[in-house]
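Dear colleague,

Please find the structure below, handed over for your reference.

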Amino acid sequence: MHTESRCLVCGPVPPLHVPEHIGPEIVSSVVERISAGGATTPIWCPWPLPPGWTLTGVAWAGDDRTGVRATVVACAGPEPLGGGPADVVFVAEEPGVGLGTRFAGLSGPDPGPQLTEALRDPGPRHPEHVATAKVRAGGHPTPLWLVNSSTDRSAYAGEARGMWLHAIAWPASAGHLLAEQVVLHDLTEWTPPELVYGAPSPYLHGKA
(Lines give C-alpha, C1' and ligand atoms only; values in the text may rest on other atoms or scores of the structure.)
Protein backbone atom coordinates (compact mmCIF):
# COMPACT_ATOMS: atom_id res chain seq x y z
CA MET A 1 0.00 0.00 0.00
CA HIS A 2 1.21 3.49 -0.88
CA THR A 3 -0.25 6.89 -0.07
CA GLU A 4 1.21 8.55 -3.17
CA SER A 5 0.50 8.10 -6.88
CA ARG A 6 2.92 5.67 -8.49
CA CYS A 7 4.16 4.88 -11.97
CA LEU A 8 4.98 1.21 -12.63
CA VAL A 9 8.28 2.30 -14.20
CA CYS A 10 9.31 5.46 -12.33
CA GLY A 11 7.85 4.85 -8.85
CA PRO A 12 6.19 7.72 -6.89
CA VAL A 13 4.98 10.57 -9.13
CA PRO A 14 2.72 13.57 -8.51
CA PRO A 15 -0.72 12.99 -10.06
CA LEU A 16 -1.54 14.92 -13.24
CA HIS A 17 -4.81 16.85 -13.29
CA VAL A 18 -6.17 17.58 -16.78
CA PRO A 19 -9.48 19.47 -17.13
CA GLU A 20 -11.76 17.89 -19.73
CA HIS A 21 -12.43 21.21 -21.45
CA ILE A 22 -10.54 24.47 -22.02
CA GLY A 23 -11.73 28.05 -21.76
CA PRO A 24 -11.20 31.21 -19.69
CA GLU A 25 -12.97 29.76 -16.65
CA ILE A 26 -10.75 26.65 -16.72
CA VAL A 27 -7.57 28.72 -16.93
CA SER A 28 -8.84 30.90 -14.09
CA SER A 29 -9.53 27.87 -11.89
CA VAL A 30 -6.02 26.46 -12.46
CA VAL A 31 -4.44 29.83 -11.69
CA GLU A 32 -6.50 30.05 -8.51
CA ARG A 33 -5.42 26.55 -7.51
CA ILE A 34 -1.75 27.44 -7.88
CA SER A 35 -2.09 30.80 -6.14
CA ALA A 36 -4.13 29.39 -3.24
CA GLY A 37 -1.42 26.87 -2.44
CA GLY A 38 1.31 29.47 -2.45
CA ALA A 39 3.08 27.73 -5.35
CA THR A 40 5.46 29.67 -7.55
CA THR A 41 5.27 27.32 -10.55
CA PRO A 42 4.67 29.42 -13.67
CA ILE A 43 2.14 28.55 -16.36
CA TRP A 44 4.10 29.34 -19.52
CA CYS A 45 1.88 30.30 -22.45
CA PRO A 46 2.97 31.84 -25.75
CA TRP A 47 1.74 35.44 -25.81
CA PRO A 48 0.98 36.80 -28.20
CA LEU A 49 -0.04 33.51 -29.76
CA PRO A 50 1.53 32.83 -33.17
CA PRO A 51 -0.83 33.63 -36.08
CA GLY A 52 -3.57 31.02 -36.34
CA TRP A 53 -2.69 29.32 -33.03
CA THR A 54 -5.05 28.63 -30.13
CA LEU A 55 -4.74 27.56 -26.50
CA THR A 56 -5.93 23.94 -26.31
CA GLY A 57 -5.29 22.86 -22.76
CA VAL A 58 -3.87 23.54 -19.32
CA ALA A 59 -3.01 21.08 -16.56
CA TRP A 60 -1.06 20.75 -13.33
CA ALA A 61 0.69 18.00 -11.37
CA GLY A 62 0.71 17.67 -7.61
CA ASP A 63 -1.58 16.97 -4.66
CA ASP A 64 -2.71 18.54 -1.41
CA ARG A 65 0.35 17.17 0.38
CA THR A 66 3.08 18.30 -2.01
CA GLY A 67 1.34 21.24 -3.70
CA VAL A 68 1.65 22.10 -7.39
CA ARG A 69 4.95 20.78 -8.75
CA ALA A 70 4.43 21.16 -12.51
CA THR A 71 2.18 22.91 -15.01
CA VAL A 72 1.38 22.23 -18.65
CA VAL A 73 0.03 24.43 -21.44
CA ALA A 74 -0.95 23.01 -24.83
CA CYS A 75 -1.35 25.02 -28.03
CA ALA A 76 -2.25 24.10 -31.61
CA GLY A 77 -2.04 25.83 -34.97
CA PRO A 78 -0.65 25.62 -38.49
CA GLU A 79 2.65 23.77 -38.82
CA PRO A 80 5.44 26.33 -39.48
CA LEU A 81 6.64 24.59 -42.65
CA GLY A 82 3.14 24.34 -44.10
CA GLY A 83 2.63 20.63 -43.57
CA GLY A 84 -0.71 20.74 -41.74
CA PRO A 85 -1.81 21.05 -38.11
CA ALA A 86 0.73 21.12 -35.27
CA ASP A 87 0.67 20.93 -31.49
CA VAL A 88 3.13 22.21 -28.89
CA VAL A 89 3.14 21.49 -25.16
CA PHE A 90 5.05 23.69 -22.67
CA VAL A 91 5.93 22.17 -19.29
CA ALA A 92 7.30 23.96 -16.22
CA GLU A 93 8.32 21.59 -13.46
CA GLU A 94 10.42 21.12 -10.37
CA PRO A 95 13.44 18.81 -10.69
CA GLY A 96 12.56 15.15 -10.38
CA VAL A 97 8.94 15.36 -11.53
CA GLY A 98 9.52 13.80 -14.96
CA LEU A 99 6.49 15.25 -16.74
CA GLY A 100 8.51 16.86 -19.53
CA THR A 101 10.37 13.65 -20.30
CA ARG A 102 7.06 11.79 -20.31
CA PHE A 103 5.68 14.07 -23.02
CA ALA A 104 8.96 13.68 -24.91
CA GLY A 105 8.43 9.92 -24.87
CA LEU A 106 11.45 9.19 -22.66
CA SER A 107 12.06 7.56 -19.31
CA GLY A 108 13.73 9.23 -16.35
CA PRO A 109 12.84 12.26 -14.24
CA ASP A 110 14.97 14.97 -15.85
CA PRO A 111 16.74 15.88 -19.12
CA GLY A 112 19.97 16.74 -17.27
CA PRO A 113 22.23 14.10 -18.88
CA GLN A 114 21.07 15.10 -22.36
CA LEU A 115 21.61 18.78 -21.65
CA THR A 116 25.13 18.00 -20.51
CA GLU A 117 25.79 16.55 -23.95
CA ALA A 118 24.11 19.49 -25.69
CA LEU A 119 26.26 21.97 -23.78
CA ARG A 120 29.30 20.29 -25.30
CA ASP A 121 28.06 21.44 -28.71
CA PRO A 122 31.13 22.04 -30.91
CA GLY A 123 29.84 25.36 -32.26
CA PRO A 124 27.64 26.82 -35.03
CA ARG A 125 30.09 26.06 -37.87
CA HIS A 126 30.46 22.40 -36.90
CA PRO A 127 28.28 19.80 -38.72
CA GLU A 128 27.19 18.34 -35.35
CA HIS A 129 26.06 21.71 -33.97
CA VAL A 130 22.69 21.60 -32.16
CA ALA A 131 20.80 24.87 -32.49
CA THR A 132 19.03 26.33 -29.48
CA ALA A 133 15.43 27.50 -29.57
CA LYS A 134 14.83 31.25 -29.48
CA VAL A 135 12.49 31.73 -26.52
CA ARG A 136 11.87 34.55 -24.06
CA ALA A 137 10.30 33.45 -20.77
CA GLY A 138 9.04 36.12 -18.40
CA GLY A 139 10.92 38.79 -20.33
CA HIS A 140 14.28 37.02 -20.23
CA PRO A 141 16.16 35.26 -23.07
CA THR A 142 15.87 31.55 -22.27
CA PRO A 143 17.84 29.04 -24.37
CA LEU A 144 16.25 25.65 -24.95
CA TRP A 145 18.36 22.80 -26.29
CA LEU A 146 17.19 20.00 -28.52
CA VAL A 147 17.02 16.73 -26.57
CA ASN A 148 16.14 13.16 -27.51
CA SER A 149 12.49 12.27 -28.04
CA SER A 150 10.26 9.78 -29.80
CA THR A 151 10.55 10.09 -33.58
CA ASP A 152 7.05 11.54 -34.05
CA ARG A 153 7.91 14.69 -32.09
CA SER A 154 10.72 17.10 -31.24
CA ALA A 155 11.63 18.12 -27.71
CA TYR A 156 13.57 21.04 -26.25
CA ALA A 157 14.58 21.60 -22.63
CA GLY A 158 16.13 24.37 -20.57
CA GLU A 159 15.69 26.29 -17.33
CA ALA A 160 13.52 29.24 -16.34
CA ARG A 161 12.92 30.60 -12.82
CA GLY A 162 14.84 27.72 -11.27
CA MET A 163 12.64 25.07 -12.88
CA TRP A 164 12.85 22.89 -15.95
CA LEU A 165 11.16 24.31 -19.02
CA HIS A 166 10.24 21.84 -21.75
CA ALA A 167 8.72 22.40 -25.18
CA ILE A 168 7.49 19.32 -27.08
CA ALA A 169 6.12 19.63 -30.60
CA TRP A 170 4.12 17.31 -32.86
CA PRO A 171 4.99 16.52 -35.61
CA ALA A 172 8.77 16.78 -35.20
CA SER A 173 9.01 19.53 -37.83
CA ALA A 174 6.68 21.73 -35.73
CA GLY A 175 9.71 22.43 -33.54
CA HIS A 176 10.64 25.07 -36.12
CA LEU A 177 8.04 27.26 -34.38
CA LEU A 178 10.59 27.74 -31.60
CA ALA A 179 12.99 29.37 -34.06
CA GLU A 180 10.58 32.31 -34.42
CA GLN A 181 11.41 34.07 -31.12
CA VAL A 182 8.45 32.71 -29.15
CA VAL A 183 7.59 34.83 -26.10
CA LEU A 184 6.29 32.92 -23.08
CA HIS A 185 4.09 34.70 -20.55
CA ASP A 186 3.26 33.41 -17.07
CA LEU A 187 -0.54 33.16 -16.82
CA THR A 188 -0.34 33.26 -13.01
CA GLU A 189 0.71 36.90 -13.32
CA TRP A 190 -1.96 37.93 -15.80
CA THR A 191 -4.28 36.06 -18.16
CA PRO A 192 -4.84 37.96 -21.44
CA PRO A 193 -8.59 38.26 -22.11
CA GLU A 194 -7.82 38.05 -25.85
CA LEU A 195 -6.63 34.43 -25.60
CA VAL A 196 -8.24 32.26 -28.27
CA TYR A 197 -9.24 28.73 -27.27
CA GLY A 198 -9.41 25.66 -29.47
CA ALA A 199 -10.47 22.01 -29.22
CA PRO A 200 -8.94 20.16 -26.24
CA SER A 201 -5.45 18.87 -26.94
CA PRO A 202 -5.31 15.09 -27.50
CA TYR A 203 -1.75 15.11 -26.13
CA LEU A 204 -3.00 16.13 -22.70
CA HIS A 205 -5.64 13.39 -22.82
CA GLY A 206 -3.50 10.34 -23.34
CA LYS A 207 -2.23 10.49 -26.93
CA ALA A 208 1.34 11.47 -25.94
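I begin with glutamate 20, which is exposed, because its relative accessible area is 59% and the cut-off for exposed is over 50%. Please bear in mind that this is a predicted model. Glutamate 20 sits in the loop that lies between strand S3 (16-17) and helix H1 (24-36). Its C-alpha atom is separated by 9.6 Å from that of serine 201, although the two residues are 181 residues apart along the chain. When neighbours within four places in sequence are left aside, glutamate 20 is in contact with Pro200 and His205.

The next element to consider is strand S7 (residues 85-93). In contrast to the exposed glutamate 20, S7 is mostly covered, with eight of its nine residues buried.

Which strands pair with S7? One of them is strand S6 (residues 67-78), which is joined to S7 in the antiparallel sense over nine bridges. S6 and S7 form a hairpin, and six residues lie between them. In the turn of this hairpin, glycine 82 has a positive phi of about 80°. Strand S11 (residues 163-170) also runs antiparallel to S7, and seven bridges join the two.

Towards S11, phenylalanine 90 stands opposite alanine 167.

How many cavities of 30 Å³ or more does a search of the whole structure find? The search finds one. The largest cavity holds about 40 Å³ of space. Its lining is made up of Gly100, Thr101, Ala104, Leu106, Pro111, Gln114, Val147, Asn148, Ala155, His166 and Ile168. Helix H2 (99-104) and S11 are the elements that give two or more residues to this lining. Of the elements, H2 gives the most, with three residues.

With kind regards

Notes. Residues are numbered from 1 along each chain as its sequence is written. This is a predicted model: local features need pLDDT of at least 70, side-chain atom pairs count only at pLDDT 80 or more; totals for chains, interfaces and linings use all residues. Side-chain values use heavy atoms; hydrogens and water are left out. Buried means under 20% relative accessible area, exposed over 50%, partly exposed in between (1.4 Å probe, protein chains only). Helices (H or I, at least four residues) and strands (E, at least two) are DSSP runs, numbered from the N terminus. Two strands pair if DSSP finds at least two bridges between them. On a 1 Å grid over the protein atoms alone, a cavity is a set of points where a 1.4 Å probe fits but cannot get out, and a pocket is an open set with protein on both sides within 12 Å along at least five of seven lines; lining residues have an atom within 4 Å of a point. Grid points are joined across faces, edges and corners, and a volume is the space filled by probe spheres set on the points. Contact means heavy atoms within 4.5 Å.
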